[in-house]
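Me: I have not looked at this one before. Can you walk me through it?
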Amino acid sequence: MASAPVAGADSLLIGSERANDAELGIKTTLLDQRLQLNANLFWTIVHGYQTNAYDDANLTSYLTNAGSVRSRGLELDSTWRVSRGLTLSLNGSWNDVRYLSYDNAPCPAEVALRPAPRPPATSAGITWWARPNGLPTPAPATSGTWTTACNPT
């Protein structure tokens, strides 16, 4: 209710979001069911995207519709059972999200202070575990994970 005196009574009316989505993917098992590969390409456009807007004068935020947003990218998930006690998995994703339209949008600090457009986010990870042969299932295992995420400039 705090936003109504500043932005007007219409600021209290929020329209619904509408999403159009296209996905193309594959899920497969190979090498006698020891290798599993899943991949997915996606493209989504959200019309009437709902987000919080911030009023600097009154130090308050309010929910509003922010135009259209596009999200596109790809995901990869793979698991390879190398042997009875060793499984390797590799997962990664790339996601590019942008406003397509946002009338009278405030410029957030992370955009205002950077002269170049914001690059898409990327991430990748590897997980492994190994159990000495012959030990029962609840026996201790060696495991590890390596993950990285970056926004290349």
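Me: How many helices and strands does the protein chain have?
Reply: The protein chain has 2 helices and 8 strands. This is a predicted model.

Me: What pattern do they follow along the sequence?
Reply: Reading along the sequence, the order is α-β-β-β-β-β-β-α-β-β.

Me: And how much of the chain is buried?
Reply: Of its 153 residues, 21% count as buried. The accessible surface of the chain comes to about 10,900 Å², and carbon and sulfur atoms hold 58% of that surface.

Me: What share of the contacts comes from residues 24 or more positions apart?
Reply: Such residues account for 56% of the contacts in the protein chain with a separation of 6 or more.

Me: Let's go to the strands. How do β1 and β2 pair?
Reply: Strand β1, residues 18-30, pairs with β2 in the antiparallel sense, over 13 bridges. The two form a hairpin with 4 residues between them. Leu31, in the turn, has a positive phi of about 50°. Leu30 has Leu35 in β2 as its bridge partner.

Me: Where does Thr29 sit?
Reply: Thr29 is in strand β1. Its relative accessible area is 46%, so Thr29 is partly exposed. Leaving out residues up to four places away in sequence, Thr29 touches Leu35 and Gln36.

Me: How far is Thr29 from Thr79?
Reply: Thr29 and Thr79 are 50 residues apart in sequence, and 9.5 Å apart in space from C-alpha to C-alpha.

Me: New topic, charges. How many salt bridges are there?
Reply: The structure holds 3 salt bridges. One of them joins Asp96 and Arg70, with the closest N and O atoms 3.2 Å apart. Asp96 lies in strand β6 and Arg70 in strand β5 (residues 68-83), so this pair ties together parts that are 26 residues apart in sequence.

Me: Are those two buried or exposed?
Reply: Asp96 and Arg70 are both buried. For Asp96 the relative accessible area is 3%, and the cut-off for buried is under 20%.

Me: What does Arg72 do?
Reply: Arg72 forms a salt bridge with Asp96, with the closest N and O atoms 3.0 Å apart. Arg72 is in strand β5 and Asp96 in strand β6, so the pair links parts that are 24 residues apart in sequence. Arg72 counts as partly exposed, at 24% relative accessibility.

Me: And Arg98, how does it meet Asp96?
Reply: The side chains of Asp96 and Arg98 meet in a salt bridge, 3.0 Å from N to O. Arg98 is partly exposed, with a relative accessible area of 31%. Salt bridges that share partners join Arg70, Arg72, Asp96 and Arg98 into one network.

Me: Why can such side chains pair at all?
Reply: Opposite charges on side chains can pair when the charged atoms come close.

Me: OK, rings now. How many aromatic pairs does a search of the whole structure find?
Reply: The search finds 2 aromatic pairs. Tyr49 and Tyr99 make an edge-to-face pair, 6.2 Å centre to centre with 75° between the planes. Tyr49 lies in the loop between β2 (35-47) and β3 (50-55), and Tyr99 in strand β6, so the pair ties together parts that are 50 residues apart in sequence.

Me: How exposed are Tyr49 and Tyr99?
Reply: Tyr49 is partly exposed, at 27% relative accessible area. Tyr99 also counts as partly exposed, at 44% relative accessibility.

Me: What does Tyr99 form with Tyr102?
Reply: Tyr99 and Tyr102 form a tilted aromatic pair, 4.9 Å centre to centre and 45° between the planes. Ring pairs link Tyr49, Tyr99 and Tyr102 into a cluster.

Definitions and conventions
Residues are numbered from 1 along each chain as its sequence is written. This is a predicted model: local features need pLDDT of at least 70, side-chain atom pairs count only at pLDDT 80 or more; totals for chains, interfaces and linings use all residues. Side-chain values use heavy atoms; hydrogens and water are left out. Rings of Phe, Tyr and Trp (its six-membered ring) pair if their centres lie within 6.5 Å; planes under 30 degrees apart count as stacked, over 60 as edge-to-face and the rest as tilted. Buried means under 20% relative accessible area, exposed over 50%, partly exposed in between (1.4 Å probe, protein chains only). Contact means heavy atoms within 4.5 Å. Accessible areas come from the Shrake-Rupley method with a 1.4 Å probe; for residues, only the protein chains shown count as cover. Two strands pair if DSSP finds at least two bridges between them. A salt bridge is a side-chain nitrogen of Lys or Arg within 4 Å of a carboxyl oxygen of Asp or Glu.
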